[in-house]
Amino acid sequence: MNTKYSDLINQTYYFPQEEFKLNKDNLQFHNIDLMKLVEKYGTPLKFTYLPQISNNINKAKSWFRRAMEKNKYEGKYYYCYCTKSSHFEFVMNEAFKNNIHVETSSAFDINIVENLLENGKINKSTYILCNGFKRDQYISNIARLINNGHKNTIPIIDNYEELDLLQSEIKGKFKIGIRIAAEEEPKFEFYTSRLGIGYKNIVSFYKKQIQENDKLELKMLHFFINTGINDTAYYWNELVKCIKVYIALKRECPTLDGLNIGGGFPIKNSLAFEYDYQYMIDEIINQIKIACDEAEVDVPHIFTEFGSFTVGESGGAIYQVLYQKQQNDREKWNMIDSSFITTLPDTWAINKRFIMLAVNRWNDTYERVLLGGLTCDSDDYYNSEQNMNAIYLPKYNKEKPLYIGFFNTGAYQETIGGYGGLHHCLIPQPKHILIDRDENGILATEVFSEQQTSEDVLKILGYK
């Protein structure tokens, strides 16, 4: 009988895959020996594999380039990084090796942009697209950036009042964009996005407040669907509506030449993940070109704001199974040496699934289990995988430590969890290491942050 954990994976998925393979009975991720990481750094452990950030950026650039060549599309493509998915300097340093641009969402983002400019990571030609609902500090920071000479800063207008707020602080003429308030998928709890201005109001808003204003230059229309870029009738319908608004606005506004289709590329969350990126981009470019050609208006330059796609697949977390609790006839709980609420908050908050695999003992027999975290919260667990509806792992054996990995966790988890701050039940932030390769492909690791100590936590709480 095929009862090994390796048999289970091979029978359920195509394996090995591009980023996953075995070395004897240990898992490798992008040819990184994960057990060597465990032996060197211990667990719980978070890591960032920096080369994957550049890999994904350049994949997207090549997909758009091929789509534009195929469709004889005369506009340009600009890849922007959505900073809210991960603000870490090491992420920015890797991303901006690739001649990309920036999308911001709040006031402190501008301080990061200024730091990047000061250190030569970006330059005056870099587009800074400022999204989000803007109030005092954010407005002031955007104004400072523009007043200091960064003319490729484009505030994306989210509501009618923002124009007046920006004009009161920015000296001279400046560029702007307008965000469309897209209609959300019918199953959503709300009908229209809280962000942006309604489809039907955009042209009249332009005519009333922008057209005759010598201080403003409208350059961009912004469009984003909360469910992401997916091959559904809903997405294509919303895209067509967006293109129609662009065409109507372009006829009134000659300076408009950019269409921002937002982010929303999915990332791999299962070994069974399938998504045809090239097809989706080909179709988006084709739809835009056909509509613009029929309307006899110039095609726009295309901007995207990929966040999770940029950084998500670079991250991972490794835990040790500390103990197994048999709670009834059917349920076995494998208790990990950390907390899902603390280190992978999306698993708890929005039931997000990541790729989860055993790191070692692939030649051992397997069993069905549930995974529990260290907190005393009943929601601190992980109990299903995307395509299996159950978790199977090598059988627990207290004499043979078992390690498990969660992969493609690089977006949002640290910022949502409050990096370096307090966590539920005071479970500490785990050690975080950075993994890179030199020009010869030689692997190098370094500790970015040690695991929090009790002194770190008590200091935050005000104890002396």
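A residue is described here as buried when its relative accessible area is under 20%, as exposed when that area is over 50%, and as partly exposed in between, with a 1.4 Å probe and the protein chains only. By this definition Asp 364 is buried, with a relative accessible area of 15%. The structure is a predicted model, in which local features need pLDDT of at least 70 and side-chain atom pairs count only at pLDDT 80 or more, whereas totals for chains, interfaces and linings use all residues. Residues are numbered from 1 along each chain as its sequence is written, and side-chain values use heavy atoms, with hydrogens and water left out.

Side chains of opposite charge can pair when their charged atoms come close. With a salt bridge taken as a side-chain nitrogen of Lys or Arg within 4 Å of a carboxyl oxygen of Asp or Glu, a search of the whole structure finds 15 salt bridges. In one of them, Asp 364 meets the side chain of Arg 361 at 2.7 Å, N to O, and Arg 361 also counts as buried, at 7% relative accessibility. Asp 364 forms a further salt bridge with Lys 400, the closest N and O atoms being 2.9 Å apart. Lys 400 lies in the loop between β19 (391-394) and β20 (402-407), while Asp 364 lies in the loop between β16 (355-358) and β17 (366-372), so the pair ties together parts that are 36 residues apart in sequence. Through shared partners, the salt bridges join Arg 361, Asp 364 and Lys 400 into one network, in which Lys 400 is partly exposed, with a relative accessible area of 36%.

Another salt bridge links Glu 238 to Lys 241, with the closest N and O atoms 2.9 Å apart. Both residues belong to helix α9 (residues 233-252), where they are 3 residues apart, about one turn of the helix; helices (H or I, at least four residues) and strands (E, at least two) are DSSP runs numbered from the N terminus. Glu 238 is buried at 2% relative accessible area, and Lys 241 is partly exposed at 22%.

Among the strands, where pairing requires that DSSP finds at least two bridges between two of them, β1, β2 and β3 form an open sheet of 3 strands in the order β1-β2-β3, with antiparallel pairing. Strands β1 (20-23) and β3 (32-33) stand at the edges, each with a single partner strand, so one side of each is left without a neighbour in the sheet. Strand β1 is joined to β2 (residues 26-29) by 4 bridges, and Lys 21 stands opposite Gln 28 in β2.

Elsewhere, strand β14 (residues 315-326) runs antiparallel to strand β4 (residues 45-49), with 4 bridges between them, and to β20, with 6 bridges. Ile 318 of β14 stands opposite Leu 45, and its bridge partner in β20 is Gly 405. Strand β14 also pairs in the antiparallel sense with β15 (residues 332-336) over 5 bridges, and the two form a hairpin with 5 residues between them.

Domain 1 (5-42 + 314-461) and domain 2 (51-311), whose bounds come from an automatic or database domain assignment, both give residues to the lining of the second largest pocket, so this pocket lies between them. The largest share of the lining, 4 residues, comes from helix α3 (residues 51-70).
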